[in-house]
Amino acid sequence: MEVSESEAIQQVQNGDVNAFAFLVHSYEARITRYLKKFLYQTEDIEDILQDVFLKAYMHIQSFDRTHSFSPWLYRIAHNEAINFLKKNKIKTVSLFDVDTLFPHPIAAEQSDIESERELIKKSIDTVLTDIDIKYREILLLYFYEDLSYKEIAQTLQMPVATVGVRIQRGKKQVEDILRKKGLYTEL
Amino acid sequence: MTQTKQTIEEKILNQIREHNIKQKPKWQFVLHTFFLSTITLVALLLTLYLVAFISLISDEHELINMFGLGPQFTLVFLKAIPWMLIGLLVVIFIILQILIRYFSFAYTRSVLVTLAATFLVIVCSNLILVTLDPRHNIARFGERSNIPVLREMHSTFRNEKQRGAIRGVIADISNTTYTVETIKGSTTVTFLITPSTRILSQENLKLGDVVLVVASQAEGFLQASVVRNEISRNTKDAKTKTPLPREIRPRPVDGNI
C-alpha cells in the first residue's frame with residue numbers, strides 16, 4: 001500500500017523503524033547529489049549521508065508535521081556538511097556574514113524557463129569548484145534541488161531576501177568565472 | 001543503482017537496529033524549548049530591569065542636568081555615566097539577540113532588523129515603565145529584595161554620590177561646607193567647599209536655595225567642584241536683589257567637616 005510522506009513520518013514518530021526506510025528511499029538520491037556537489041572533494045559522502053539520516057531519525061520527534069519535511073532534512077544535511085568542512089579546516093561562511101547582517105530589498109523568485117535552468121546547471125557544474133562556498137550551496141539548493149526561496153531560507157536559516165541576493169550574486173560569479181576561462185555563453 | 005540504494009537503506013536500518021539507536025523523546029525537545037524560552041524571558045526581564053535601573057541612576061545622579069554645566073564638565077559627565085551597567089546591559093542584549101534569532105520567528109529577518117526591533121521593544125517598554133512608574137519602584141526592586149547580587153548592585157551604584165551630581169535644597173551653610181537635602185533621595189549630603197569650587201549663582205547662596213552640586217570624593221570627603229543655583233525658593237526676593245558676580249569663592253578650607 002502506498003503511503004504518503006506525512007504518514008511515513010507519523011509512523012516513524014510512533015516508533016516504526018521500517019517506515020523510516022521509505023523516507024531514506026525518497027530522499028537518498030537528492031541528499032547524496034547535494035552532498036556530492038557541495039563537498040565535491042570528499043570520498044566520505046556515504047558516511048556523511050548515513051550520519052544525516054541517523055541524525056534525522058534520532059531527532060524526528062522534534063519535527064513538526066505541519067511543516068515541509070525537505071527543508072528540515074536539508075538543514076540536517078547542511079549542518080553535517082558544515083561540520084565536515086570545519087573538521088577538515090575548509091573555510092565556511094561566518095556566522096555574522098555581511099549578507100545576513102543588513103536588510104535587502106525582497107528579490108522576487110524568478111521563474112527561469114527550463115532550458116535556461118539547464119544551461120545554468122551545466123555552467124555551475126563546469127565551475128563548481130571555483131564558486132565561493134556561500135554561493136555554491138545556495139545555487140545547488142535552488143537549481144539542482146529545486147527548493148523555493150522560502151525553503152532555502154528555512155534550510156540555511158537566513159532571510160528570504162538574502163537568498164534572492166545570493167542567488168543573483170552566485171549567478172554573476174559563475175558568469176565571471178566562465179568569462180575568465182573563456183567558456184562564457186549567454187546565461 | 002537500485003542495489004546501491006537498497007544497500008544504503010539497509011545499512012541505515014541495520015545501524016539503527018544493531019546499535020539500538022533510539023529516537024530522542026519529544027519531552028526532551030519540549031524541555032529544551034521551554035528552557036530556552038525561560039532564559040529568553042529572564043534575559044528580557046533583566047534587560048528591562050537594567051534599563052530601568054540605569055534610568056534611576058541617571059535620574060539620581062542628575063545626568064541630564066549636568067548637560068547644562070558646559071563643555072568643561074564633559075569629563076565629569078562621562079565619568080558619571082554608569083558604564084559598567086551599560087556594559088552588562090549590552091552583554092545581556094547580545095545574549096537576548098542570539099536567543100531570539102535561535103527561534104524560527106526571527107530567522108527571516110536580517111541581524112540588524114532583529115537587533116533594531118529588540119532595541120525598540122526594550123526602549124518602548126521602558127518608556128511605558130517610566131510613565132506608569134515615575135517613582136522607579138521597579139528599578140528599586142533590588143533594594144527591597146533579598147537577592148544578593150541585586151542588593152550589592154544597588155548599594156554600589158546608588159551610594160556613589162561622588163559620581164555625577166546631586167540636586168537638592170541647602171539645609172545648612174558653614175564657612176567650609178554646604179549641607180544639601182536631596183530632592184529625590186530625601187537624604188542629607190555635606191560637601192566641602194574649597195577655593196577651587198565654582199559657584200554659579202546670580203546671588204549669594206542661602207538656606208532653602210535649590211542647587212545642583214557636582215562633587216568628587218577627596219580624602220574621605222565629598223569635595224564640591226561646582227555648585228549651581230537652580231531655582232531660588234524665594235524667587236520674588238531674588239528678583240529684587242542686585243545680581244552678584246557669577247563666581248563667589250568661599251574662604252579656604254582649614255579643617256574637616
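Before anything else, a word on helices and strands: helices here are DSSP runs of H or I with at least four residues, strands are runs of E with at least two, and both are numbered from the N terminus. Residues are numbered from 1 along each chain as its sequence is written, while chains are lettered from A and ligands numbered from 1 in the order in which they are written. Please keep in mind that this is a predicted model, where local features need pLDDT of at least 70, side-chain atom pairs count only at pLDDT 80 or more, and totals for chains, interfaces and linings use all residues.

Let's start with the two chains. Chain B has nine helices and six strands.

Now burial. A residue is buried if 20 or more other C-beta atoms lie within 10 Å of its own, exposed if 12 or fewer, and partly exposed in between, with C-beta atoms placed from the backbone. By that count, 33% of the 187 residues of chain A are buried, and for the 257 residues of chain B the figure is 20%.

And contacts: two residues are in contact if their C-beta atoms, again placed from the backbone, lie within 7 Å. Take the contacts between residues at least 6 apart in sequence: in chain A, 68% of them join residues at least 24 apart, and in chain B, 66% do.

On to a helix I'd like you to look at, α2 of chain A. Helix α2(A) covers residues 17-38, which is 22 residues, and reaches 29 Å from its first C-alpha to its last. That is close to the expected 32 Å, the expected span being 1.5 Å times one less than the number of residues. Where does α2(A) bend? The bend is at A:Tyr27, by about 45°, taken as the angle between axes fitted to the seven residues ending there and the seven starting there. A:Tyr27 is also among the buried residues of α2(A), which include A:Phe20, A:Phe22, A:Ile31 and A:Phe38.

A:Ala21 sits in helix α2 of chain A too. A:Ala21 counts as partly exposed because it has 18 C-beta neighbours inside 10 Å. Leaving out residues up to four places away in sequence, A:Ala21 touches B:Glu9 and B:Leu13. Its C-alpha is separated by 9.1 Å from that of A:Ala8, 13 residues apart along the chain.

Next, a helix pair. The axes of α8(A) and α9(A) come within 8 Å and cross at roughly 105°, where axes are lines fitted to C-alpha atoms, for helices over the stretch in contact, and angles run from 0 to 180 degrees between N-to-C directions. That makes α8(A) roughly perpendicular to α9(A), a label for angles of 65 to 115 degrees. On the α8(A) side are A:Tyr149, A:Lys150, A:Ile152 and A:Ala153, meeting A:Val160, A:Val163 and A:Gly164 in α9(A).

Finally, some backbone angles. Most residues other than glycine have a negative phi. A:Gln157, in the loop between α8 (149-156) and α9 (160-181) of chain A, has a positive phi of about 50°. Is A:Gln157 buried or partly exposed? Partly exposed, with 16 C-beta neighbours inside 10 Å. B:Asn20, in the loop between α1 (2-18) and α2 (26-60) of chain B, also has a positive phi, near 50°. B:Asn20 is exposed, since 7 other C-beta atoms lie within 10 Å.

Key:
Angles under 35 degrees count as roughly parallel, over 145 as roughly antiparallel, 65 to 115 as roughly perpendicular and the rest as oblique.
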